[in-house]
Amino acid sequence: MTVITGLSGNEIFCLAQKGYVPGNIVVGNSVHSLGLLGSIGSGFKAILGGEIAQVTKLIAEGREKAYQRMMQEAASHNASGITGIASQLIFHGANVEFLSIGSVIFSSNSAENSQFSTSANGQELYAQLDANCKPICFAFGNVAYSMGVGRGILGKLKTLARGEIKEFSDIFNHTRHLALERIIAHAKQQNVNAVLGIETTILPFSGVNEMLMIGTASNITAFSSESTSHIITSDMTNIEMWNMAKLGYVPMKLLLGTSVYSLGLVGGITSVLKSFVRGEINELTQLIYDARENALALINSEAKEIGADEVIGVKTYVYQLGNGLIEFLAIGTAVKKLPNMQVQSAALLPQAIIVDRDTFYDSNSTNSFNVNINAGVKPINKATSNISNIFLSMGIFLVIVLYLLIRFFKT
């Protein structure tokens with residue numbers, strides 16, 4: 001029988017070293033409508049801002065149904081596991097399709113009869129297994145949220161002053177940590193001690209945003225049973241985790257810090273005037289520096305609280321919120337050295353670290369809603385290409401206001 005798999009040649013080679021052979025692609029889907037009542041309820045909540053529970057629940061249910069149907073299809077094949085699971089949203093007019101898709105694998109070990117599922121591809125799965133971490137199931141956590149009209153008005157007023165807009169920083173910190181709390185809760189249901197390979201994405205959905213985290217609920221064998229009360233979270237790739245395990249380090253916690261800043265009216269006028277001449281805009285330089293430092297300070301403080309040795313893989317993102325506001329997000333994984341953290345192989349296979357090259361490119365639409373959250377693309381970072389657009393818009397507005405004021409006083 002011909003096998004139709006999403007695994008690449010490198011993935012198949014890597015998994016063969018762990019006793020797995022490829023099987024067919026499996027799919028599960030569920031088409032939903034938000035409905036009139038949900039739209040009304042979420043509309044009222046969107047005025048106030050914060051989480052929109054009805055939308056969060058709708059998305060979570062849709063993702064879960066699609067996932068369970070995929071698992072049922074895999075069970076019908078008597079698969080040992082499903083790897084490379086992707087969770088997608090595809091809009092069909094007023095309806096949205098939730099799609100789960102992955103590739104099954106079969107173990108050559110007849111004693112291996114417990115089915116697992118993972119967001120990791122074949123190369124990542126090989127590295128995870130070699131680091132003595134057993135995958136159990138695909139896990140996700142989400143939160144649908146809105147900044148709200150009330151907060152928008154407050155933000156417009158606060159943009160007159162320079163510095164952090166604490167109200168916005170708080171709501172963004174809260175929503176990001178809600179998604180993390182929910183993926184941890186999902187993992188606890190499986191009696192595991194870790195969620196590994198977490199990927200974070202922000203997606204537009206029905207006029208609001210969804211903060212989504214996906215990963216693999218797993219057991220790290222280096223931890224004793226007494227340690228399972230604390231769920232480890234990590235956004236390291238499994239290949240990164242293998243390298244750290246080789247050095248004796250274990251992940252502790254995914255850390256998030258966000259800060260929302262405004263240059264302020266006076267700083268905006270100054271920077272606009274300076275932008276007409278060549279040279280550094282000190283006000284903008286200092287603003288961006290302060291905001292980034294604040295976001296990094298948040299994760300540094302949390303790392304000290306949990307006794308981490310280091311925070312690795314720290315990434316910072318910046319994007320526009322509108323009304324002259326900019327958000328800075330810092331994200332990384334806290335690690336700690338552990339005496340009994342070991343790996344099975346002396347070195348990773350070359351096939352495990354080779355990046356497979358795409359051979360199909362779809363440039364038909366640059367604004368497609370069909371988002372594959374396993375593609376490594378962070379939409380949160382797409383709006384950062386030209387921060388100066390904020391201040392250019394502000395400058396044009398101020399020039400018009402000054403012109404009208406001059407005309408008014410002259411008359």
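Ile4 counts as exposed because its relative accessibility is 52%; exposed means over 50% relative accessible area, buried means under 20%, and partly exposed is in between (1.4 Å probe, protein chains only). You'll find Ile4 in the segment before α1 (9-16). Helices here are DSSP runs of H or I with at least four residues, strands are E runs with at least two, and both are numbered from the N terminus.

A quick word on the model: it is predicted, so local features need pLDDT of at least 70 and side-chain atom pairs count only at pLDDT 80 or more, while totals for chains, interfaces and linings use all residues. Residues are numbered from 1 along each chain as its sequence is written, and side-chain values use heavy atoms, with hydrogens and water left out.

Now hop over to helix α4 (residues 122-130), which is mostly covered, with 9 of its 9 residues buried. Among them are Gly122, Tyr126 and Asp130. Where α4 starts, a side-chain oxygen of Asn121 comes to within 3.1 Å of the backbone nitrogen of Gln123. After the helix comes Asn132, with a positive phi near 60°.

Next up is Asp235, in the loop between β10 (232-233) and α7 (238-246). Asp235 counts as buried because its relative accessibility is 12%. Its side chain makes polar contacts, meaning pairs of N or O atoms within 3.5 Å; within protein, one atom must be able to donate a hydrogen and the other to accept it, and residues adjacent in sequence count only if both atoms are side-chain atoms.

| Side-chain pair | Polar contact |
|---|---|
| Asp235 and Lys315 | 3.3 Å |
| Asp235 and Thr333 | 2.5 Å |

If you skip neighbours within four places in sequence, Asp235 is in contact (heavy atoms within 4.5 Å) with residues including Ile198, Leu254 and Ile331.

Strands of a sheet pair through backbone hydrogen bonds, either parallel or antiparallel. In this model, 5 strands make an open sheet with mixed pairing, in the order β2-β6-β9-β8-β10. β2 (50-51) and β10 are the edge strands, each pairing on one side only. Two strands pair if DSSP finds at least two bridges between them, and β8 (residues 194-205) runs parallel to β10 over 2 bridges. Across that pairing, Val195 stands opposite Thr233 in β10.
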